[in-house]
Amino acid sequence: MRDTYLPFAQPDLDEREIEAVTACLREGWITSGPRKLQFETRFAEIMEVPYALAVNSCTAAMHLALEALGVRENDDVITSPYTFAATAEVIRYLGANPVFVDVQPDTLTIDPQKVAAAVTDRTRAIMPVHFGGLAAELSPIYQLAADRNLAVVEDCAHSLPTWYHGTIIGGRPAKWKTFPWAACFSFYATKPLTTGEGGMVCTDDRETFERCRLMSLHGITSDGWARYTHHGSWYYEIREPGYKYNMTDVAAAMGLVQLEKLQEMWSKRAEVARRFGAAFEGHPALQPPLEPETMRSSWHLYPLRLNLNRLDIDRAAFVEQLRARNIGTSVHFIPLHLHPYYRQAYGYSPDAFPVAYREYLREISLPIYSTMTDEDVSDVIEAVIGIADEHLVQAG
Ligand SMILES: *Cc1c(COP(=O)(O)O)cnc(C)c1O
């Protein structure tokens with residue numbers, strides 16, 4: 001057994017980030033400035049998308065995107081219950097209502113057929129979540145959005161980088177440019193690319209981008225001065241009661257380095273996933289996550305599922321035993337409809353979304369990050385197999 005605790009997640013930071021942030025501090029321009037703009041440009045290039053706006057969280061990014069795409073009070077927005085608090089709370093920020101539909105058991109992403117069945121006259125938008133780094137099944141969702149003129153805001157907090165039918169998540173193929181759309185990323189400390197806290201809105205529509213940019217900084221525009229005065233520098237106009245969501249240059253300095261390391265960090269996580277998959281495949285008590293042929297996962301998470309009918313312990317005890325062996329884990333996610341707020345406000349019972357509920361009860365997220373050593377990976381495998389073997393029972 002390992003003698004030090006292996007944390008569930010850890011950012012991949014080295015001298016390069018430290019130097020970049022230090023240089024920013026030494027130069028003295030620390031809030032939004034040239035580094036933020038450079039980060040946006042570079043990010044947009046990688047996502048093959050015309051516009052990217054850097055903000056201070058994915059929560060902010062999704063709020064801005066929904067607002068820009070026209071979600072208003074009493075609208076319905078369809079999303080997955082198998083996600084983090086942020087995805088649904090931003091819908092509530094606008095006075096709109098989240099309408100959950102269940103996920104697919106194999107990928108834990110939103111079930112497109114159930115989305116189609118949930119659309120009504122009140123539906124304004126769909127928010128697919130690329131859970132764990134695996135893309136939601138986007139083609140039928142895009143088709144539905146095109147047919148019913150719905151907006152799509154993708155929660156890309158886990159998907160950096162993720163590919164769907166050969167396209168990187170964060171952009172969208174030109175043939176689908178027929179409905180309002182944005183993709184929102186997170187740069188929170190545990191996410192595949194980090195700036196401490198941060199986020200990005202990507203879109204291929206100039207007006208959507210301009211609206212997000214305006215609202216991200218108090219609804220203030222400074223181009224008014226060009227028209228009304230030659231003094232310029234001091235004049236601005238408040239066009240809307242906006243928000244305060246801009247990204248700092250300190251964060252962007254870190255983000256620029258992290259972008260350079262994106263491929264390298266992804267390759268290392270993919271290698272961890274490959275080793276886990278090879279070790280767990282075929283074990284009667286374990287169901288490793290799959291990667292459909294049409295997709296490449298970012299491997300932000302490694303959502304292992306336990307076959308509880310082949311174990312004499314439950315998920316909580318499995319987590320406890322991993323902790324006793326110095327392996328940190330997490331659970332993704334406690335479905336939103338199980339939380340008091342959503343139960344009380346919308347009257348959901350646990351089996352309102354039976355797939356989300358059942359899969360949550362048997363999910364464990366294993367450590368998967370680029371700073372893990374070969375030995376760390378071996379330790380996780382040994383601990384998981386050890387516990388699963390020890391508690392294996394006959395089927396029946
Ligand atoms: C982390 C996370 C978010 C929120 O990201 P922040 O940058 O912390 O606002 C949104 N959705 C999902 C699925 C997440 O895991």
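This is a predicted model: local features need pLDDT of at least 70, side-chain atom pairs count only at pLDDT 80 or more; totals for chains, interfaces and linings use all residues.

Q: Is strand β4 mostly covered or mostly open, and how many of its residues are buried?
A: Strand β4 spans residues 123-127. A residue counts as buried when its relative accessible area is under 20%. By that cut-off β4 is mostly covered, and the number of buried residues among its five is four.

Q: Which residue stands opposite Thr123 of β4?
A: Start with the neighbouring strand β2, residues 76-79, which runs parallel to β4 and is joined to it by four bridges. Thr123 sits in β4, and the residue facing it is Asp76.

Q: Which residue in β5 is the bridge partner of Ala125?
A: Strand β5 covers residues 151-155 and runs parallel to β4, with two bridges joining them. Within β5, the partner of Ala125 is Ala151.

Q: How many residues apart are Phe43 and Phe187?
A: Phe43 belongs to helix α2, residues 34-47, while Phe187 is in the loop between β8 and β9. Both of these residues are buried. The pair links distant parts of the chain, and the separation is 144 residues.

Q: Which strand holds Tyr302, the ring partner of Phe276?
A: The rings of Phe276 and Tyr302 have centres 4.9 Å apart and planes at 70°, so they too form an edge-to-face pair. Phe276 and Tyr302 are both buried. Phe276 comes from helix α10, and Tyr302, 26 residues away in sequence, comes from strand β14.

Q: Which ring does the charged end of Arg172 sit over?
A: There are a couple of arginines to look at here. Arg315 lies over the face of Tyr360, 4.8 Å from the ring centre. For Arg172, the distance to the ring centre is 4.7 Å, and the ring is that of Phe179.

Q: What is omega for the cis peptide bond between His332 and Phe333?
A: A cis bond also runs from Leu160 to Pro161, where omega is near 0°, and Pro161 is in the loop between β5 and β6. Phe333 lies in the loop between α11 and α12. For the bond joining His332 to Phe333, omega is about -10°.

Q: Is His218 buried, partly exposed or exposed?
A: His218 is in the loop between α7 and β10, and its phi is near 65°, a positive value in a residue that isn't glycine. Buried needs under 20% relative accessible area and exposed needs over 50%. With 35%, His218 is partly exposed.

Q: Is Trp299 buried or exposed?
A: Trp299 isn't a glycine either, yet its phi is positive, at about 50°. You'll find Trp299 in the loop between β13 and β14. Its relative accessibility is 8%, so Trp299 counts as buried.

Notes: Residues are numbered from 1 along each chain as its sequence is written. Side-chain values use heavy atoms; hydrogens and water are left out. Buried means under 20% relative accessible area, exposed over 50%, partly exposed in between (1.4 Å probe, protein chains only). Two strands pair if DSSP finds at least two bridges between them. Rings of Phe, Tyr and Trp (its six-membered ring) pair if their centres lie within 6.5 Å; planes under 30 degrees apart count as stacked, over 60 as edge-to-face and the rest as tilted. A charge sits over a ring if NZ of Lys or CZ of Arg is within 6 Å of the ring centre and within 35 degrees of the ring normal.
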